[in-house]
Amino acid sequence: MMAEKLTIGKALTTGMRRALENDPKVVIMGEDVGKLGGVFRITDGLQKDFGEDRVIDTPLAESGIIGTAVGLAIRGYRPVCEIQFDGFVYPAYDQIVSQVAKMHFRSQGKVRLPIVIRIPFGGGIGAVEHHSESPEAYFAHTAGLKVVACSSPEDAHYMIQQAIASDDPIVFLEPKRRYWEKGDVELGLDLDSAYPLHASKTVRAGTDVTVLAYGPMVRTSLDAAAAAEEDGRSLEVIDLRTLSPLDLAPVYESVKRTGRCVVVHEAPSNVGLGAELAARITEECFYSLEAPVLRVTAPNTPYPAARVEEEYLPDLDRVLDAVDRTFGW
């Protein structure tokens with residue numbers, strides 16, 4: 001089977017195309033997803049090939065998009081909803097938390113809601129207010145939702161298909177500033193043969209420090225690991241991929257070997273994923289730790305204006321600084 005070099009954005013497009021081809025009940029909904037192909041062109045060409053009944057341009061009403069998806073899902077469809085930017089998801093938050101996350105449980109399993117909610121998330125593109133957020137903790141905290149984040153073209157291609165095929169409602173986070181990064185994608189794998197959706201993945205082996213990341217920070221962490229190697233330090237980088245449920249068995253195994261752990265994410269530190277990871281790692285690996293689990297995150301402030309976002313976002317230097325601090329204990 002031949003691999004193709006695709007961007008993350010194109011890999012998502014090919015993944016959704018395959019899902020539309022394989023299941024006539026899959027529909028895509030969102031603002032400008034049809035004729036325009038989405039603001040990031042992720043749905044480019046899909047309405048032309050599958051028609052306006054399956055790739056639907058909706059009004060600018062996020063609550064309406066998700067509410068409509070709930071009705072469609074109850075009737076047996078598999079809606080894929082695009083939230084145009086992460087900061088636009090909040091009008092839909094009530095529908096997601098009050099209906100999408102709970103209906104399966106309230107109906108004692110009689111009603112399933114196979115809805116995928118695609119959210120381009122994170123910063124780094126110089127966008128205006130409300131266009132760069134990291135809302136993952138809101139959804140990971142919500143019982144009844146599953147939350148995943150892709151970070152590479154191959155994962156993007158298969159994770160979106162696996163999410164659409166799942167009977168669970170899934171919040172699918174896409175690192176918007178990484179949309180144009182390229183990588184090899186082995187097209188044509190059966191979904192059962194692809195890497196599992198709800199599983200962490202070691203993307204760089206190492207012996208000295210375990211670095212945990214997801215979404216846009218995976219690339220940052222890999223760059224930090226390459227830089228650290230020049231100083232003789234070996235960083236193991238794990239892409240969490242699934243934020244709810246967390247897959248921590250590979251994390252525990254790694255931390256018990258390295259004795260040190262740094263968690264990296266763009267969201268603010270207060271009650272973020274890093275806090276949960278630090279707590280669980282401390283409980284499970286306490287006697288193996290040579291230092292506290294450290295976090296590299298954004299500050300606890302609203303997302304700033306574009307001209308200063310580079311000061312806000314975690315970068316290679318901040319990751320390396322945290323690595324250095326783990327050796328100071």
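Which residue forms a salt bridge with Arg325? I looked this up before anything else. The partner is Asp321, and the closest N and O atoms are 3.3 Å apart. A salt bridge here is a side-chain nitrogen of Lys or Arg within 4 Å of a carboxyl oxygen of Asp or Glu.

**Ground rules.** I am working with a predicted model, in which local features need pLDDT of at least 70, side-chain atom pairs count only at pLDDT 80 or more, and totals for chains, interfaces and linings use all residues. Residues are numbered from 1 along each chain as its sequence is written, and side-chain values use heavy atoms, with hydrogens and water left out.

**Entry: the Arg325 pair.** I checked where the two partners sit. Arg325 and Asp321 both belong to helix α12 (residues 316–326), four residues apart, which is about one turn of the helix. Helices (H or I, at least four residues) and strands (E, at least two) are DSSP runs, numbered from the N terminus. I then looked up accessibility, where buried means under 20% relative accessible area, exposed over 50%, and partly exposed in between (1.4 Å probe, protein chains only). Arg325 is partly exposed at 40%, and Asp321 is partly exposed at 39%.

**Entry: other salt bridges.** Side chains of opposite charge can pair when their charged atoms come close. I searched the whole structure and found 21 salt bridges. One of them joins Arg204 to Glu229, with the closest N and O atoms 3.1 Å apart. This pair links distant parts of the chain, 25 residues apart: Arg204 is in strand β9 (residues 201–204) and Glu229 is in helix α8 (residues 217–230). Arg204 is partly exposed, with a relative accessible area of 24%, whereas Glu229 is exposed at 53%.

I also noted the salt bridge between the side chains of Glu236 and Arg257, at 2.6 Å from N to O. Glu236 lies in strand β11 (residues 235–239) and Arg257 in helix α9, so the pair ties together parts that are 21 residues apart in sequence. Is Glu236 buried or exposed? Glu236 counts as buried, because its relative accessibility is 4%. Arg257 counts as partly exposed at 42%.

**Entry: Arg177.** I found Arg177 in the loop between β7 (170–175) and β8 (182–186). Arg177 counts as buried because its relative accessible area is 19%. Its side chain reaches the backbone oxygen of Gly123 at 3.4 Å. That is a polar contact, meaning a pair of N or O atoms within 3.5 Å; within protein, one must be able to donate a hydrogen and the other to accept it, and residues adjacent in sequence count only if both atoms are side-chain atoms. I listed its other surroundings by contact, which means heavy atoms within 4.5 Å. Leaving aside neighbours within four places in sequence, Arg177 is in contact with Gly123, Gly124, Ile125, Pro216, Met217, Glu266 and Leu313.

**Entry: nonpolar cores.** A nonpolar core is a set of buried Ala, Val, Leu, Ile, Met, Phe, Trp, Tyr and Cys residues joined through side-chain atoms within 4.5 Å. How many residues does the largest nonpolar core have? I read 75, and those with the most contacts inside it are Ile66, Ile115, Phe172, Leu212 and Ile281. Helix α1 (residues 8–22) gives the largest share of this core, six residues. I followed up Ile281: leaving aside neighbours within four places in sequence, its contacts include Leu212, Val251, Tyr252 and Phe286. Another core, of 18 residues, lies apart from the largest one, and among its members are Ala228, Leu235, Val237 and Val262.

**Entry: backbone details.** I noted that the peptide bond from Ser244 to Pro245 is cis, with omega near 5 degrees. Pro245 lies in the loop between β12 (242–244) and α9 (249–258).

Two residues other than glycine have a positive phi on my list. For Arg41, phi is near 65 degrees. Arg41 sits in the loop between β2 (26–30) and α2 (46–50), and Arg41 is partly exposed at 42%. For Gln108, phi is about 55 degrees. I placed Gln108 in the loop between α5 (103–106) and β5 (116–121), and Gln108 counts as exposed at 68%.
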